[in-house]
Amino acid sequence: MKTDLPKPSPEAAEHSRQLSLLLKHNISTSKEGYLAFDHFMDMALYEPGFGYYSTGNIKFGEAGDFITAPGLSPLFSRYIAHQLIAVLSSVERPRILEFGAGTGCMAVNILTELQQCGILPERYLILELSSELKARQKALINEKIPDMASLVQWVSGVPPKFQGAIVANEVLDAMPVSRFRITEDGIQEQVVKLTDDAQFRTDFVPASANLKNSVEALSLQMGGHVFAPGYQSEINPRLPGWMHLVSRGLEKGLVLLVDYGYSAKEYYLAQRNKGTLMCHYRHRAHNDFFWYPGLQDITAHVDFSAVAEAASSNGLQVLGYTPQAFFLFGNGLQEMLEALDPDDVQNFLKVSEQVKTLTLPGDMGERFKVMALGRDVDMPLSGFEMRDFRDRL
Ligand SMILES: C[S@@+](CC[C@H](N)C(=O)[O-])C[C@H]1O[C@@H](n2cnc3c(N)ncnc32)[C@H](O)[C@@H]1O
């Protein structure tokens, strides 16, 4: 157990104890005597009433566990909005759908910017798994943009014949992953078991057929790349299903995905032999995923080659792939910066700080990538005009 992390309150610890009991019950009553890692991660994050994203704990911002770009600066959502304008103008019933809307501030800032640009969508839909976050989003929207609150609706799937834009910031990294290890005897899968005194422990078992096929397909996709024995990493098994749902509903329009991640060749580098799984608690990153289940975020980087592959096999076009900095500059951040009045020192410093965090390579500028997918989209996309790295996927 990590001892250098801040101690949770007694109530939070009790909450985690209850989720742990549930996890332990599921392990001890399972046929195999274990939970596959993705199942453990799914419960730790999304178990109704107990999972990290399902409860009322503060996750986002200074007082929470991490800060995402929309909460860091309204500029992020503003330049996402600029990318959506041409697409919204090109369809008959323009709508926006945001996956996993967090605090709701991206919805607030996108709508505010679109209103100023005079091109509001017919509806702003939010697909949110957590009922607690839904309530927070509603409250923020009613408080900040009461005049546009009636445009916002919460949905449980991508509506059929959807036309417009689908956006998801840091959603793919929050999907449960399967973890694998290469051995002389084949591909193994990480699972969660219990010790004799009912504590969590991990073990490796022969990989399920699905995971084995996925790892083999990954090697093929990387030109017959052979992982060395001992190599460990992860794969998102829910990505193809998610992409299928997105593609099935999207009749015409754009999908913008923003997240930290790499192409498969960079993700599965020989040196990155422990994968990218990370836990976040009170702005500290560590790798002990058994630390107080339900109180901390668990996340993995995104394999954007897999995203592109899932999109193509569902009939979507891959329209662009670029680091966040180029995307934001391409959509007008550059011009805004040049037009800032340096004599308004306070504002100049505040905005410059935000721009630095969003765009510097050591910060979010390079680590975060933006991928555009689409159906029946034929206009140029300004966010990918400075640089487009689709050839690296
Ligand atoms: C790291 S938070 C990001 C929140 C927000 N987009 C932001 O940038 O601040 C991850 C979010 O993704 C959501 N999420 C994960 N998988 C999802 C899915 N399949 N459908 C919808 N939301 C999902 C979670 O519920 C959570 O709200």
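Modeller: Start here: the side chains of R78 and E113 meet in a salt bridge, at 3.5 Å from N to O. This is a predicted model, where local features need pLDDT of at least 70, side-chain atom pairs count only at pLDDT 80 or more, and totals for chains, interfaces and linings use all residues. Residues are numbered from 1 along each chain as its sequence is written, and side-chain values use heavy atoms, with hydrogens and water left out.

Biologist: Why is the contact between R78 and E113 called a salt bridge?

Modeller: The term asks for a side-chain nitrogen of Lys or Arg within 4 Å of a carboxyl oxygen of Asp or Glu. R78 and E113 have N to O at 3.5 Å, so the pair qualifies.

Biologist: How do you know whether E113 is buried or exposed?

Modeller: Buried means under 20% relative accessible area, exposed over 50%, partly exposed in between (1.4 Å probe, protein chains only). E113 has 11%, so E113 is buried. R78, at 29%, is partly exposed.

Biologist: What makes the pair E216 and K212 a salt bridge?

Modeller: Their side chains meet at 3.3 Å, N to O. They are 4 residues apart in helix α7 (residues 209–221), about one helical turn.

Terms used:
Helices (H or I, at least four residues) and strands (E, at least two) are DSSP runs, numbered from the N terminus.
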